[in-house]
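Have the viewer open and turn the model as you read.

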Amino acid sequence: MTRLANTFVTAIYVVDQYAHHPVEKTVKLASILKEHYANYEVIVIDNGLSVDDLSRLRQVLQTVPCIRVIRLSKNHDTDTAVFAGIEASIGDYVCVLYDNDPEHLVPEFVSLATQSDIIFGVATNLNRQTKGEQLGASIFYWYSKKYLGINVPKNSTYYICMNRSAANALTRSGRSMRHVRHMALRVGFTSTVYEYELPKDAQPYSHARAVTLLSRAVDLTANYSSHPLQMLSYFGIIAGILNILYAVYVLIVNFSRDDVAKGWTTLSLQSSLMFFILFMILAVLSEYIGKILSETQQEPPYHIMQELSSTISIADETRRNVTK
């Protein structure tokens, strides 16, 4: 591939405790960028690096240029770690890798990003931990496409590349809860899918528990759509109409018959149904109120504990292209 002298590429490498050989991958990633681009930087997001790996990475900073290590104060979800990297990036093109995503594909992603604003990586061999998670993901992607208007590609990963305009659009969001794939689709920029294969030792891609994944699905739904509230509004209207019809039925029976039964079964069924709808409404309202509370508190989603840099931080230190 021809060297792109006027292109500044930022590669964000999000690392947690499940990454394989993160130090070696960081060095290789820096080498690949050096071979292809005149200006580049590698940002390593420490979201759970081991003490040994961190110590080795400190030594690498003494010899390998253009690497920055951002240590978060505690372990966060992957989306928060990704946004920490995007907000720290200064490149014309920003490429995100998570744990064991193959680093040699970065030039391919960047090349595609010159023609489309955002490139979504889709792993053709992506496996989930259980069949239940696979089914849940399929249901959620269907719901997201049909009712939230967000068509997340099936088997999409955190391997994403975007130009500076798209990166700035994502970082300008004032939300405290941000999900990179959904927000990237909501900003309205053009997008393209790039299929690739994960290494065998990268399976499963995500180690999140089923409860965590369910909570994330609820967060996404509550943050990006009012559809659940609309559905419960319809349920409330239907429940109210049924109550009126039932009241009319009771009056008709009461005036037309003398031997009116107590109706314990019917009354119990009606009460159970109404209370079910009532508590469903309260549960969803509580979820939305919780999200509103989180947004109004305006607390930063993450804190940077420490930032480490190579002796030479970037190839051309006079170059800046972050706009507000």
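What do the buried residues of H2 pack against? Keep in mind from the start that this is a predicted model. The buried residues of H2 pack against H1, strand S2 (37–46) and strand S3 (67–72). Those buried residues are Asp53, Leu54, Leu57 and Val60. Around the helix axis they cover an arc of only 110°, so they sit on the same side of H2. Turn to the other side of H2 and you'll find Val51, Asp52 and Gln59, which are exposed. If you'd like the background, an α-helix has 3.6 residues a turn, so residues three or four places apart point the same way.

Now look at how H2 sits against H1. Helix H1 covers residues 22–36 and helix H2 covers residues 51–60; they pack at an angle of about 25°, and their axes are 9 Å apart. An angle under 35 degrees counts as roughly parallel, and H1 and H2 are therefore roughly parallel to each other. Their crossing is right-handed. On the H1 side, the residues that meet H2 are Pro22, Val23, Glu24, Thr26 and Val27, and on the H2 side they are Asp53, Arg56, Leu57 and Val60. Sorted by class, this contact has 5 nonpolar, 1 polar and 3 charged residues.

His21 lies in the loop between strand S1 (4–15) and H1. Its phi is positive, about 55°, although His21 is not a glycine. Most residues other than glycine have a negative phi. The side chain isn't tucked away either: His21 counts as exposed, because its relative accessibility is 56% and the cut-off is over 50%.

Is Asn155 buried or exposed? At 15% relative accessibility, Asn155 counts as buried, since the limit for that label is under 20%.

Next, find H3 and H6. Helix H3 (residues 78–88) and helix H6 (residues 164–171) have axes that come within 10 Å and cross at roughly 120°. H3 and H6 are therefore oblique to each other, and the crossing is left-handed. Phe83, Ile86 and Glu87 of H3 make the contact with Ala167, Leu170 and Thr171 of H6. Here the residues divide into 4 nonpolar, 1 polar and 1 charged. Leaving out residues up to four places away in sequence, Thr78 touches Tyr98 and Tyr158.

Last stop: helix H4 (residues 106–113). Its buried residues include Val106, Pro107, Phe109, Val110 and Ala113. They cover an arc of only 160° around the axis, which puts them on the same side of H4. Move on into the loop between H4 and strand S5 (118–123) and you reach Gln115, which is exposed, with a relative accessible area of 67%. Gln115 and Asn163 are 48 residues apart in sequence, yet 9.8 Å apart in space, C-alpha to C-alpha.

Notes: Residues are numbered from 1 along each chain as its sequence is written. This is a predicted model: local features need pLDDT of at least 70, side-chain atom pairs count only at pLDDT 80 or more; totals for chains, interfaces and linings use all residues. Side-chain values use heavy atoms; hydrogens and water are left out. Axes are lines fitted to C-alpha atoms, for helices over the stretch in contact, and angles run from 0 to 180 degrees between N-to-C directions. Helices (H or I, at least four residues) and strands (E, at least two) are DSSP runs, numbered from the N terminus. Angles under 35 degrees count as roughly parallel, over 145 as roughly antiparallel, 65 to 115 as roughly perpendicular and the rest as oblique. A crossing is left-handed if the near helix is turned anticlockwise from the far one by less than a right angle, and right-handed if clockwise. Contact means heavy atoms within 4.5 Å. Ala, Val, Leu, Ile, Met, Phe, Trp, Tyr, Cys and Pro count as nonpolar, Asp, Glu, Lys and Arg as charged, and the others, Gly among them, as polar. Buried means under 20% relative accessible area, exposed over 50%, partly exposed in between (1.4 Å probe, protein chains only). The arc is that of the directions from the helix axis to the C-beta atoms.
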